Amino acid sequence: MEAARVPTLEPAMEREIERAWASLLGQADAIADDITLTLIERDPYWSEQRPDRQADLRASTREHIRRGIQTMAGIPDPEQRTIDVWRETGRLRARQGVPMDRVLSAYTLGTRTLWEALLRQGWDHHVEIGEHLLLFAGQKLWAALDVQNAILVESYRRETTRLQRRDLQRQQSFLDGLVEGRGADPEFAREAREALSLGSDDSVMCVVAPFSDPLDEPLRTPEDRLERAGIVSHWHVRGGNYFGLVSRGGLTARDVCDQLSPCVAGRVGVAPCADGLAGFATAYQLASRAAESLPRGEHRLVTLADRLPEVLLAGSPEVVPVLVAGTVGPILAQPPQLADTLLETLAALLAHDGSPTHAAQALYCHRNTVIYRMKQIESITGRDLADAHDKFELTLGLLATGRHSAGRR
């Protein structure tokens, strides 16, 4: 903020103005207390503060008024510069969470009150000073306010940034701890809920979006969209994943997913925390597997419930070769063209509950063709497509080969 320009005065005139300001030193505390009382009476922010915070306001105002009068009277404090007091006030008010506009309003009120006190000194002839010098004194006072505000605002913003960075680092430290399973520790969970602004009964869920490459952005500003919907969330990066802890509040998991969907730009998995923060580590693993079960390059959000078979297979990789060999392995052993045809038909049949009619519609071929291929599949695999258990294992076998059933999302 650029300070107002004040005309340069002759030394004798400067000394006369300084003497006028010095005449107010004996009234400094009374002037400050009048300012404090006005703030408490007229400003709802200050009137609602605790008595100790109001006492701090009074003490701070007294110091600022005393130093302000000394500075304008040309009597600086040899132990501490006034500019350092302004900086420290900016830092303190930021730490206290006092809104910036309330701080600047208090400074403006203080400056106006000081100016009125100086005018009364002249009007009541407590000090001899011409009206033209009072005008110069006022110009200098308001110019000083510009400088004071600029210094205070910079200090306030720097401290606010530092506090936000510290709070973010603390929150991310708790998120790391929850992924590592520390949520099972009641004391850690209590501290985490406090740091993450979670209620003791809040239901939470984990969202995981793997980075496909260092430059991709699998979720775009999810916290902003969720915040607009009144949903508390916290986000962090860990082990190649962008992940978040989301408090559902009164919403269902599907409601939260609907809010997140416009942010999706990659593979995203969601899993509930059945045991609250104690279950966050498990939810993180399951959400990761759900996301990783999607093909690379696909931009979609899926819940754990959407991908249970895929997640089960991913969690037991040693079972996959045995499962494939015992289900679709004999089909894979056929000549490539025949194998592809039969696998495509099998996927369509499984997607339509074994119905040749609906599978034929999905494949754009005749129903009798599908029936013929179905008999081939049953003969080659030794499985019965009318048997629920066989259909389930064949479905898992297809999934294990990376072939999703027709119509499956």
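The legends below describe an overview and several close-up views of one predicted model.

In this predicted model, local features need pLDDT of at least 70 and side-chain atom pairs count only at pLDDT 80 or more, while totals for chains, interfaces and linings use all residues. Residues are numbered from 1 along each chain as its sequence is written, and side-chain values use heavy atoms, with hydrogens and water left out.

**View 1. Overview of the protein chain.** The protein chain contains 18 helices and five strands; helices (H or I, at least four residues) and strands (E, at least two) are DSSP runs, numbered from the N terminus. The radius of gyration is 36 Å, well over the 22 Å given by the globule rule for 409 residues, so the chain is more spread out than a compact globule. This radius is taken over C-alpha atoms, and the rule is 2.2 Å times the number of residues to the power 0.38. Along the principal axes, the C-alpha atoms fill a box of roughly 115 × 45 × 35 Å. Of the 409 residues, 44% count as buried (buried means under 20% relative accessible area, exposed over 50%, partly exposed in between, with a 1.4 Å probe and protein chains only).

View 2. Two strands pair if DSSP finds at least two bridges between them. Strand 1 (residues 204-210) and strand 3 (residues 241-247) pair in the antiparallel sense over seven bridges, and the bridge partner of A209 in strand 3 is Y242.

**View 3. Surroundings of T113.** T113 lies in helix 6 (residues 100-123). With 10% relative accessibility, T113 counts as buried. Leaving aside residues up to four places away in sequence, T113 touches I31, D34 and I35.

View 4. A search of the whole structure finds zero disulfides, a disulfide being a pair of cysteine sulfur atoms within 2.5 Å. For C263, the closest cysteine sulfur is that of C257, at 12 Å, which is too far for a bond. C263 is buried, with a relative accessible area of 6%. C273 is likewise in no disulfide, and the nearest cysteine sulfur, that of C206, is 6.1 Å away. The relative accessible area of C273 is 8%, and this residue is buried.

View 5. D353 is a residue other than glycine, yet its phi is positive, near 55°. D353 is placed in the loop between helix 15 (336-351) and helix 16 (356-363) and, at 61% relative accessibility, counts as exposed. Y364 is not a glycine either, and has a positive phi of about 60°. Y364 is found in the loop between helix 16 and helix 17 (367-381); its relative accessible area is 77%, and Y364 is exposed.

Terms used
Contact = heavy atoms within 4.5 Å.
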